[in-house]
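Please read this short note with the model open beside you.

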Amino acid sequence: MTDNIAGSGEPLVDIVGVHKSYGEVAVLKGIDLTVAPGEVVCVIGPSGSGKSTLLRCVNELETVDRGAIFVDGSPVGSSIVAGRLRRLRPRQVAKQRRDIGMVFQRFNLFPHMTILENVAEAPVRVRREPLAEVRERARALLDRVGLAHLEQRFPAQLSGGQQQRVAIARALAMRPKLMLFDEPTSALDPELVGEVLDTMKELVATGMTMIVVTHEMDFAREMADRVVFMDGGVVVEQGTPEQVLERPQRERTRKFLTAVLSATP
Ligand SMILES: Nc1ncnc2c1ncn2[C@@H]1O[C@H](COP(=O)(O)OP(=O)(O)OP(=O)(O)O)[C@@H](O)[C@H]1O
Ligand SMILES: [Mg+2]
């Protein structure tokens, strides 16, 4: 947890009136959310509430239908021309996306590359940084997630938890200003969840700005500056972990928490 006070200064992420539908199905129905630099925001909510869709919109993997998302002052997927939002070309969108790291539920490592190559790949290929320099950085990142000794292994030779730690190192190799996590531990065997959460906690300690979709209530309670509860495509309630998890104001939040906590062994 950081000392950051939500709302002080310019937000790093500013989500304004975002709507998103798939065909007839409205998935996001007017989301307003800001994330301050260095803030850790955990997003919780039932399946289908739009959590992944929201993250995907922040990263421009999806395009919003209405509203806008600003990251570090720039509209995601657009530029402002003569006071109006104009869509960026795919190449420009890809460039914007480099500043945002994303870790998904399923580790999406390249199976034919060693883990060192996996971590070094994007800075070399996308940013055209010198290989020797990137390798050193990749080694340092693998060391940080406790996997330096396995750098020559291939993903299939690693446990799920180790693969997910590589995925985090790989995202960090691009020096992102924002990290998005979409249920990074929910595909893992229970005994492997802790090591990935520990890696994320270390990242929190570095002051990284993070939006974390998670069902790990202990992580949210311990690490989040703010917890956001989503249901039915809207933010139902948000506040400190204490406010939302211990003293929820809304009936929907209470129901969700009761269901989640009773399902936890
Ligand atoms: N590409 C898509 N095409 C059509 N419908 C989609 C698409 N992606 C998501 N949806 C629908 O949007 C709704 C919200 O999905 P989303 O994945 O954002 O929910 P979620 O909160 O992340 O759920 P979960 O906790 O299960 O991951 C769901 O009803 C889903 O079926
Ligand atoms: Mg999801």
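1. Is Cys-42 buried or exposed? Cys-42 is buried, with a relative accessible area of 0%. Buried here means under 20% relative accessible area, exposed means over 50%, and partly exposed lies in between (1.4 Å probe, protein chains only).

2. A word on the basis. This is a predicted model, in which local features need pLDDT of at least 70, side-chain atom pairs count only at pLDDT 80 or more, and totals for chains, interfaces and linings use all residues. Residues are numbered from 1 along each chain as its sequence is written, chains are lettered from A and ligands numbered from 1 in the order in which they are written, and side-chain values use heavy atoms, with hydrogens and water left out.

3. Now the cysteine pairing. A disulfide is taken as a pair of cysteine sulfur atoms within 2.5 Å. By this rule the count is 0. For Cys-42, the nearest cysteine sulfur belongs to Cys-57 and is 19 Å away.

4. Next, the overall fold. The chain has 9 helices and 12 strands. These are DSSP runs, numbered from the N terminus: helices are H or I of at least four residues, strands are E of at least two. The radius of gyration is 18 Å, close to the 18 Å that the globule rule gives for 265 residues, so the chain is as compact as a globular protein of that length. That radius is taken over C-alpha atoms, and the rule is 2.2 Å times the number of residues to the power 0.38. Along the principal axes, the C-alpha atoms fill a box of roughly 55 × 50 × 40 Å.

5. Burial and contacts come next. Of the 265 residues, 49% count as buried. Contact means heavy atoms within 4.5 Å. Take the contacts between residues at least 6 apart in sequence: 67% of them join residues at least 24 apart.

6. Finally, one loop residue. Ala-187 sits in the loop between strand S9 (178–182) and helix H6 (190–205). Its relative accessibility is 24%, so Ala-187 counts as partly exposed. Which residues does Ala-187 touch, leaving aside its neighbours within four places in sequence? Ala-187 is in contact with Gln-105 and Arg-106. Ala-26 is 161 residues from Ala-187 in sequence and 27 Å from Ala-187 in space, C-alpha to C-alpha.
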